[in-house]
Amino acid sequence: MTLQISAILRRVLYGIPLIVLVLLFFWQSANSGLNIDVNSFYAWAYKLATRPFTQFYEEGYFADYLPSYLYVLWGLGTIATTFSLDTNSAQGLALMKSPNLIACLIMAVAVMRLSQAGMEKGKFALGAYTCALIWIFSPGMVHNAAVFGQADALLALVIFTVIWTARSG
């Protein structure tokens, strides 16, 4: 009886992140974000998808973002131009915000894995799962990734990965 309840609880708890992903996806599509940044991301993505990289930084063209993120924007721009997505559409907006949302969810999994590291092997760790949910629902992550469309979650993921890699050997 206890094993059945535990298995049912585990399935329910693993289903929650999927529900969160769907909710955040719809939330990010419904919120225009920080217009100047989201529109800049879209303009840069389009320029990178339609011109060579060497022509990106031009005199008189405003571009002040991390060069590494430009590769992400190039991929998004390629998708947007292929499917003719407009910045004013919910799909175009969701596309521009999606890398940050994905990074936020990857971070939640990483937080859960790190929290489970000190627990008994093979045991479902409710505490580790709770830590992951706290990360997903933290106001900073929800507002930066889903509402404002900022790239902070990607940078946090890179920093977390570097620290975790250095720590593990």
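Modeller: Phe56 is buried, at 2% relative accessibility; buried means under 20% relative accessible area, exposed over 50% and partly exposed in between, using a 1.4 Å probe and protein chains only. Keep in mind that this is a predicted model, where local features need pLDDT of at least 70, side-chain atom pairs count only at pLDDT 80 or more, and totals for chains, interfaces and linings use all residues. Residues are numbered from 1 along each chain as its sequence is written, and side-chain values use heavy atoms, leaving out hydrogens and water.

Stay with Phe56 for a moment, and look at the face of its ring. Lys47 lies over that face, at 5.6 Å from the ring centre of Phe56. A charge sits over a ring if NZ of Lys or CZ of Arg is within 6 Å of the ring centre and within 35 degrees of the ring normal. Lys47 also lies over the face of Tyr61, with 3.4 Å to that ring centre.

Lys47 leads us on to Gly77. The C-alpha atoms of Lys47 and Gly77 are separated by 7.7 Å, although the two residues are 30 apart along the chain. Gly77 is found in helix H3; helices here are DSSP runs of H or I with at least four residues, strands are runs of E with at least two, and both are numbered from the N terminus. Gly77 is buried too, at 2% relative accessibility. Leaving aside residues up to four places away in sequence, Gly77 touches Ala45, Tyr46 and Ala49, where contact means heavy atoms within 4.5 Å.

Now for ring meeting ring. A pair of aromatic rings is described by the distance of the centres and the angle of the planes. Rings of Phe, Tyr and Trp (its six-membered ring) pair if their centres lie within 6.5 Å; planes under 30 degrees apart count as stacked, over 60 as edge-to-face and the rest as tilted. By this rule there are eight aromatic pairs. One of them joins Trp44 and Phe62, a tilted pair with 6.2 Å centre to centre and 40° between the planes. Because Trp44 lies in helix H2 (residues 35–50) and Phe62 in the loop between H2 and helix H3 (67–82), this pair ties together parts that are 18 residues apart in sequence. Trp44 is buried, at 3% relative accessible area, whereas Phe62 is exposed, at 52%.

Phe56 comes back here with a partner, Tyr57: their pair is edge-to-face, with 5.0 Å centre to centre and 80° between the planes. Tyr57 is partly exposed, with a relative accessible area of 47%, while Phe56 is buried.

Let's step back to the whole chain. The chain has seven helices and zero strands. Buried residues make up 34% of its 169 residues. Among contacts between residues at least 6 apart in sequence, 69% join residues at least 24 apart.

One last stop is Ser84, in the loop between H3 and helix H4 (90–116). Ser84 has a positive phi of about 50° although it is not a glycine, and Ser84 is exposed at 64% relative accessibility.
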